[in-house]
Amino acid sequence: MLVTTCLMSLVIVLCWHRSVFLALCFVFFFGTLEALYFSASLIKFLEGAWVPIALAFIFMIIMYVWHYGTLKKYEFDVQNKVSVDWLLGLGPSLGIVRVRGIGLIHTELVSGIPAIFSHFVTNLPAFHEVLVFVCIKSVPVPHVKNEERFLVGRIGPRAYRIYRCIVRYGYRDVHKDDLAFEKDLVCSLAEFIRTGKAGSDAVDENLGKEDEKMTVVGTPSTHSEGIQMLCEDESELKEIESTVVQPRKRVRFVVPESPDIDTGVREELRELMEAREAGMAYILGHSYVRAKHGSSLLKKLVINYGYDLLRRNSRAPTYALSVPHASSLEVGMAYLV
């Protein structure tokens, strides 16, 4: 209860943006009640009151083990992420076979390339012609406006067709199903390409920082004058037609009349549309966290047994539950923390 009271005080200050004085009053009032209950348990400790204290101690250990393991896992991701320079060093063709379709790689990192991607291409040197690193973040606000839902950026030169997309949800927002999410994501990418922000055709000395330049792009409903994705065959607006023979799904981008859309942008939009017609694949990372050799016995017990048990019995992230199983691919990797 005391932990809940302390966390609630943080919610009052950080999420509700109320005064610190109100949070202190909350902690003082409920903390006094909890101190009375705790003191009563101490007085009757030998007469059976040790049971709730023991349960509280067990729950505290469980929470600490989960927090410690999660923190070590995130530190491994940050320390072993691959820089953009490594990606650029592979050459314009990446030295890898590009297959049709869009590949969505889920990651918790908002910058750099996750280690799971380098592990994937090392063992299987092929990935989709359009690659998107998707990071789903929960922000400490009730709702995120649709105009601010997507943050889109480009990784590497334009010819690589590799993007980063950060999707932000509030703690009261409802996550969309896979079909609606796919449509919003593809339209946001197309709108980012059309506006031409943070784009580059050549490799320069600042390209290593290009990954950090993100553009706020809303959902299709928020930019009615921008690109829309249709499955019908007729439209009054100017269209970019796909040249794919016998596509799985007929997809068309309806582009507003604009003299600023050059040939390179149209080619990039056409390739994105063809990749969408070929299908989308979800690449999820599945980590196996283990303690390093030479770690203390306590750390091995906490990581190899305690945290592993909690991970195997915990619910998967919300986005992982909504991913269609026929289009998903899990990449396993051992994390030595």
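Predicted model: local features only at pLDDT ≥ 70, side-chain atom pairs only at ≥ 80, totals over all residues.
Student: Which residues of H6 are buried, and what follows the helix?

Tutor: Buried means under 20% relative accessible area, exposed means over 50%, and partly exposed lies in between (1.4 Å probe, protein chains only). An α-helix has 3.6 residues a turn, so residues three or four places apart point the same way. In H6 the buried residues include Phe 181, Asp 184, Leu 185, Cys 187, Ser 188 and Phe 192. After H6 comes Gly 196, whose phi is positive, near 75°. In the protein as a whole, buried residues make up 40% of the 337 residues.

Student: Where is a positive phi found in a residue that is not a glycine?

Tutor: His 17 has a positive phi of about 60° although it is not a glycine; His 17 lies in the loop between H1 and helix H2 (20-43) and, at 61% relative accessibility, counts as exposed. Arg 161 likewise has a positive phi of about 60°, and its place is the loop between strand E3 (150-154) and strand E4 (162-170), but Arg 161 is buried, with a relative accessible area of 10%.

Student: What does Ile 12 touch, leaving out residues up to four places away in sequence?

Tutor: Contact means heavy atoms within 4.5 Å. Ile 12, in helix H1 (residues 2-15), touches His 17, Arg 18, Leu 22, Ala 23 and Phe 26 when those close places in sequence are not counted. Its C-alpha atom is separated by 6.1 Å from that of Ala 23, which is 11 residues away along the chain, and Ile 12 counts as buried at 5% relative accessibility.

Student: How should I read the aromatic pair of Phe 117 and Phe 127?

Tutor: A pair of aromatic rings is described by the distance of the centres and the angle of the planes. Rings of Phe, Tyr and Trp (its six-membered ring) pair if their centres lie within 6.5 Å, and planes under 30 degrees apart count as stacked, over 60 as edge-to-face and the rest as tilted. By this rule the count comes to seven aromatic pairs. Phe 29 and Phe 30 form one that is edge-to-face, with 5.0 Å centre to centre and 90° between the planes. The pair of Phe 117 and Phe 127 is also edge-to-face, at 5.5 Å centre to centre and 65° between the planes. Phe 117 lies in helix H5 (residues 115-123) and Phe 127 in strand E2 (residues 126-139), so this pair ties together parts that are 10 residues apart in sequence. Phe 117 counts as buried at 2% relative accessibility, and Phe 127 is buried with a relative accessible area of 2%.

Technical notes
Residues numbered from 1 in each chain as written. Heavy atoms only, no water. Helix = DSSP H or I, 4+ residues; strand = E, 2+ residues; numbered from the N terminus.
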